[in-house]
Amino acid sequence: MISAVIYKKNLNKFGEEVCGDNFQLGKTEDSKIAVMSDGLGSGIKASILSILTTEIISTMFKKGVDVEEVVHTIANTLPVCKVRGIAYSTFTIVQIFRNGMVKLVNYDNPKPIILKKGQLYWPTYQEKIINDKKIKISTFTLDPEDFIFVMSDGVVHAGLGNLMDFGWGIENIAGYLKRMYRRTRDIKYMVDNLIAVTESYYGFEAGDDATLVGLKITEKPRAIIFTGPPLDPKKDSYYVEKFTKFDGKKIISGGTTSNIVSRITGNEMEIDLTSTSSKELPPYGHMENVDLVTEGVLTLKALNKLLSECKNNMYEIDFDKKNINAADNMFLILRDCDEIKIMVGRKVNAFYHNPALPFDMSIRSNLVRDIVKNLQRVGKDVEIEYC
Amino acid sequence: MVISICVGTTCHLLGSSSLVEAINELPEKYLNNVSIKYSTCFDVCHGQMKPPIAKIDDKLYDDLSPDKIKKIIIAMVGDN
Ligand code: FES
């Protein structure tokens, strides 16, 4: 099963308050859909046109209409500018299915750039003329760690007349992304970097709206967090089995919880001696078949703080990769997941009521409730099971 | 000797990270004799013993402070 992590960045045309490009994310039962539209011109008018386009496309997808039909509708309704003979907005749709299939639909936006196993991949497109509009459609498969970059022509034209004759162009951008892939697979870094270069090619006064959407194909888009010992110790092995059989990233948050898992599976827990980078948080570790083991309440509290700093998505926070603590680590694992399951044990550690501690520690379930709310806000599907 | 320092929630809150630092401050002749490990909750902090807690060669020690753990190590290594 595959999915994608998606990150977008845009530049507004110099002097404009709003961007004439728009981007929307949607999903169906078995796929994730990214839609990017570029409205004719710039400013408010362009913005309305592109929002309208992405809105119609996303809404139709949500209603279960398939790509071909969506394209048909949009191509038939999209007005064409009488003066210039071009459509009022262009669009690109990327639909990523869980089984690895990718469907790309492009109408008049620059060719999306695809990196397959680090190499540039240019799929063949089938052309369909719908209501005088040439729509390009392609279907292919991708694997985890492959990338798709969708952009508006504002990116491609950067440098036009200024530094180069025709802007830096799709070939150069593709080459740049390919070189960058050798240094990093961090989608946020790649997109931010490319937009920064674009902006500099414009001499920091963008001549057009420029949007870049990066999609990184990922594996195992699910994660599970097991926190707190189950209320009834007789059920320990039942829940541990449920946890270990989970298909996805596995996180244990809590000392007693990790002891229980370790006892039942026979796998010993190893705490990284070098991970004690943060004074506030205890170090973290690993166990066979478990991706991350952390302390409980303090780490969850720190995770919740990070999450509440994100408005729309989890890419709003930067980390110093060399110096990450247990909560940062958990945050980074969750960032790459679509679905998150939390198993919350309800047994309370009696010591947590101790007045010697700085705050009431018996707050695990309230804390988890806040975390769930925050995760949902940044677009995650969250399931919670009390045990 | 093997020292396992508990880095569970309560031990951490009551200062287990300062124990590691304290041990690392010891002169080399002591340090050469110890290997430090981290451990999750020993499940003895619910009233039986007072955090922070560490296990030294299979025996649990509680209510530790930097000074206390240093003294214990010096005494034990000195005996050898
Ligand atoms: S937290 Fe250290 S023994 Fe429980």
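## Overall make-up

Chain A of this predicted model has 10 helices and 18 strands, where helices (H or I, at least four residues) and strands (E, at least two) are DSSP runs numbered from the N terminus. The C-alpha atoms of chain A fill a box of roughly 75 × 40 × 35 Å along the principal axes.

Residues are numbered from 1 along each chain as its sequence is written, and chains are lettered from A in the order in which they are written. Local features need pLDDT of at least 70, side-chain atom pairs count only at pLDDT 80 or more, totals for chains, interfaces and linings use all residues, and side-chain values use heavy atoms, with hydrogens and water left out.

## Burial, contacts and charge

Of the 387 residues in chain A, 55% are buried (under 20% relative accessible area, with exposed over 50% and partly exposed in between; 1.4 Å probe, protein chains only). The accessible surface of chain A comes to about 17,700 Å², and 49% of that belongs to carbon and sulfur atoms (Shrake-Rupley method, 1.4 Å probe).

Among contacts (heavy atoms within 4.5 Å) between residues at least 6 apart in sequence, 69% join residues at least 24 apart. Chain A has 50 positive and 50 negative side chains, and the centres of the two sets lie 2 Å apart. Lys and Arg count as positive, Asp and Glu as negative, and His and the chain ends are not counted; each charge is placed at NZ of Lys, CZ of Arg, CG of Asp or CD of Glu.

## The largest pocket

The largest pocket holds about 810 Å³ of space. A pocket is an open set of points on a 1 Å grid where a 1.4 Å probe fits, with protein on both sides within 12 Å along at least five of seven lines; lining residues have an atom within 4 Å of a point. The volume is the space filled by probe spheres set on the points, which are joined across faces, edges and corners.

Of the 34 lining residues, Ile6(A), Leu25(A), Lys32(A), Val378(A) and Gly379(A) are the closest to the centre of the pocket. Strands β1 (2-11), β2 (21-28) and β3 (31-39) of chain A each give two or more residues to the lining, with the largest share, 7 residues, coming from β1(A).

In α7 (residues 255-265) of chain A, Gly255(A), Thr257(A), Ser258(A), Ile260(A), Val261(A) and Ser262(A) are buried. Their cover includes α6 (236-245) and β13 (249-253) of chain A. Just after α7(A), Gly266(A) takes a positive phi of about 80°.

Asn374(A) lies in α10 (residues 364-377) of chain A. Asn374(A) counts as buried because its relative accessibility is 11%. Beyond its neighbours within four places in sequence, Asn374(A) is in contact with Asn304(A), Leu307(A) and Ser308(A).
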